[in-house]
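Open your viewer and get ready to click along.

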Amino acid sequence: MAVFIVDIRSAGSALKFGKCVTVREYQLVDEYAIILKHFPSNASNTMAGSKSILLFATTKGNIYALDLLTMDLLWKLQNPKSHGIITALTTDKLHTWLLVGTMRGILTLYDLRFQIPLRSWLHPSKSRISALTLNHDPKSENKQVIIAAGRNELTIWDISTLQCVEVYAVKTGDEKTTGIMLEAYKSLEAPSETELLMNSFKNNESNLIESSIRAIISPSDCRFMITGGSDRKLRFWDTSRIENSGVILGLDKDETKPRYSTNTCENIKFHFEFTYSNRNQANVNMSSRTGFNPSSQSGSQNLVIQQQYLMRNHTDVITDIVLTEVPYPMLVSADRDGVIKIVA
């Protein structure tokens, strides 16, 4: 692994960016880093004195904390290999606990003060944990996490009680015909080694992989989230007023804007996005992706419009999202094809 810096200089009203310069290198043996998370440390935990920490997970299920100033390894954790490859991780604001999610949908909570595992449980979808982030709502008391798993939905969980408290989901159809299965939002006991060998939950993963959220942004001190995933749409979720939510990028030509609603069932808040769907809409979406519409009367003109939409929207799974502040606020998203989109 290599850590590099980019020199930024002010040139009047504009900024000039220098070349990438490598400042640190760390060599892993027979394993590769797959998830990186950087944060400044504090004096309230066992990483006192370290001001720049790189937290990373590897292909062998190891989790390392590296001091980037001294390049000393602060600690190492070993996630059970039977739980699957680590796909997401997050910590609290004081970095006293760590939550890890895997390909098999198993979550493990660690106490970073003593570097010990506290508990493991299985997400009710039994599918890949695509993303984890801390819920920055002041009411969450630093103990709620946002989990991206299952069929195009986010769930917010209280890790102290393992209770689901909120759901953000994308639904197709009418609000009146959409039911809620509360059993689908209850944590499950982590499977044993024998159960994992007998059932690796591959069927669940294959059913959900083409309809899932892969990236989340939830800035601190802000009441919104931005998500992206396999449906190639960037969504803005207003967590204080759900009706103000919307699709930032990804609506196809002539696709109707979605509707949003909220209801509560047994202390769980459900926030739904409803999209109109019928055979005609499916044809519109297909023509928007391929650039061909057999029912169009002006084929060449329609083709130009479709190509403009193809250039504007992502054409593959959105895998990551970043918000920037310098030189000005921008939303940067990347997809599996290697295409990067910038919304300013």
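**First stop: strand E9**

Select residues 106-111, strand E9. Both of its faces are covered: Ile-106, Thr-108 and Tyr-110 are buried on one side, and Leu-107, Leu-109 and Asp-111 are buried on the other. Buried here means under 20% relative accessible area, with exposed over 50% and partly exposed in between (1.4 Å probe, protein chains only). In a regular strand, side chains alternate between the two faces of the sheet. Because 6 of the 6 residues of E9 are buried, the strand is largely enclosed by the rest of the structure.

A word about what you are looking at: this is a predicted model, in which local features need pLDDT of at least 70 and side-chain atom pairs count only at pLDDT 80 or more, while totals for chains, interfaces and linings use all residues. Residues are numbered from 1 along each chain as its sequence is written, and side-chain values use heavy atoms, leaving out hydrogens and water.

Look for Trp-97, which stands opposite Asp-111 in E9. The two strands form a hairpin with 3 residues between them, and Gly-105 in the turn has a positive phi of about 85 degrees.

Next, select residues 116-122, strand E10. How many bridges join E9 to E10? There are 6, and these strands also run antiparallel. Thr-108 stands opposite Ser-120 in E10. E9 and E10 form a hairpin with 4 residues between them, where Gln-115 in the turn has a positive phi of about 55 degrees.

**Rings**

The rule takes rings of Phe, Tyr and Trp (its six-membered ring) as a pair if their centres lie within 6.5 Å; planes under 30 degrees apart count as stacked, over 60 as edge-to-face and the rest as tilted. Phe-56 is buried at a relative accessible area of 0%, and Tyr-64 is buried at 6%. By this rule there are 8 aromatic pairs. For a cluster, select Tyr-185, Phe-270, Phe-272 and Phe-274, which are linked by ring pairs.

**Ser-333**

Move on to strand E23, residues 330-335, where you will find Ser-333. Is Ser-333 buried or exposed? At 1% relative accessibility, Ser-333 counts as buried. Its side chain makes a polar contact of 2.7 Å with that of His-314. Such a contact is a pair of N or O atoms within 3.5 Å; within protein, one must be able to donate a hydrogen and the other to accept it, and residues adjacent in sequence count only if both atoms are side-chain atoms. Leaving aside neighbours within four places in sequence, residues in contact with Ser-333 (heavy atoms within 4.5 Å) include Leu-234, Ile-318 and Val-339.

**Zoom out**

Finally, show the whole chain. The protein chain has 4 helices and 24 strands, taken from DSSP runs numbered from the N terminus (helices: H or I, at least four residues; strands: E, at least two). Buried residues make up 47% of its 344 residues.

Conventions
Two strands pair if DSSP finds at least two bridges between them.
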